[in-house]
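Please read these notes with the model open beside you.

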Amino acid sequence: MTRKSDETTSRRNFLKLAGTTAPIAAVVTLASGTETEAKEADLSSDRIQDTAHTRAYYHSARF
């Protein structure tokens, strides 16, 4: 019986922690709000890169 009490307490503590940290994380994310800038294209690489051109393409492909 005491074991169930420990699990309930643990779950309750987890929910308290999640309830307090989620708004804090949201505020920090919104406060930072800076989007990273696109990098210069590396022409020697064959991989897709995060450049202004690829961002413009993905932006135009949104519905």
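The points below run from the overall chain to single residues.

1. Ground rules. This is a predicted model, in which local features need pLDDT of at least 70 and side-chain atom pairs count only at pLDDT 80 or more, while totals for chains, interfaces and linings use all residues. Residues are numbered from 1 along each chain as its sequence is written, and side-chain values use heavy atoms, with hydrogens and water left out.

2. Overall build. The chain has 2 helices and 0 strands. Helices (H or I, at least four residues) and strands (E, at least two) are DSSP runs, numbered from the N terminus. Helix 1 covers 2-32 and helix 2 covers residues 52-60.

3. Burial and surface. Of the 63 residues, 3% count as buried. Buried means under 20% relative accessible area, exposed over 50%, and partly exposed in between (1.4 Å probe, protein chains only). Accessible areas come from the Shrake-Rupley method with a 1.4 Å probe; for residues, only the protein chains shown count as cover.

4. Thr54. This residue sits in helix 2. Thr54 counts as buried because its relative accessibility is 15%. A polar atom of its side chain lies 2.9 Å from the backbone oxygen of Thr51. Beyond its neighbours within four places in sequence, Thr54 is in contact (heavy atoms within 4.5 Å) with Ile48 and Gln49.

5. Thr51. Look in the loop between helix 1 and helix 2 for Thr51. Its relative accessible area is 10%, so Thr51 is buried. With neighbours within four places in sequence left aside, Thr51 is in contact with Ala38, Lys39, Glu40 and Ala41.

6. Glu40. The loop between helix 1 and helix 2 also holds Glu40. Is Glu40 buried or exposed? Glu40 is exposed, because its relative accessible area is 74%. Its contacts, apart from neighbours within four places in sequence, are Gln49 and Thr51. From Glu40 to His53 is 13 residues in sequence and 9.9 Å in space, C-alpha to C-alpha.

7. Salt bridge. A salt bridge is a side-chain nitrogen of Lys or Arg within 4 Å of a carboxyl oxygen of Asp or Glu. The count is 1 salt bridge. Arg55 pairs with Asp50 in a salt bridge, with the closest N and O atoms 2.8 Å apart. Arg55 counts as partly exposed because its relative accessibility is 26%. Asp50 has a relative accessible area of 37%, so Asp50 is partly exposed too.

8. Nonpolar patch. Which residues form a nonpolar patch on the surface? They are Ile48, Tyr57 and Tyr58, with about 390 Å² of accessible area together. Patches are made of residues with over 30% relative accessible area and no salt bridge; like charges are joined within 9 Å, and nonpolar side chains (Val, Leu, Ile, Met, Phe, Trp, Tyr) within 5 Å. Tyr58 lies in helix 2. Tyr58 is partly exposed because its relative accessible area is 46%.

Definitions and conventions:
A polar contact is a pair of N or O atoms within 3.5 Å; within protein, one must be able to donate a hydrogen and the other to accept it, and residues adjacent in sequence count only if both atoms are side-chain atoms.
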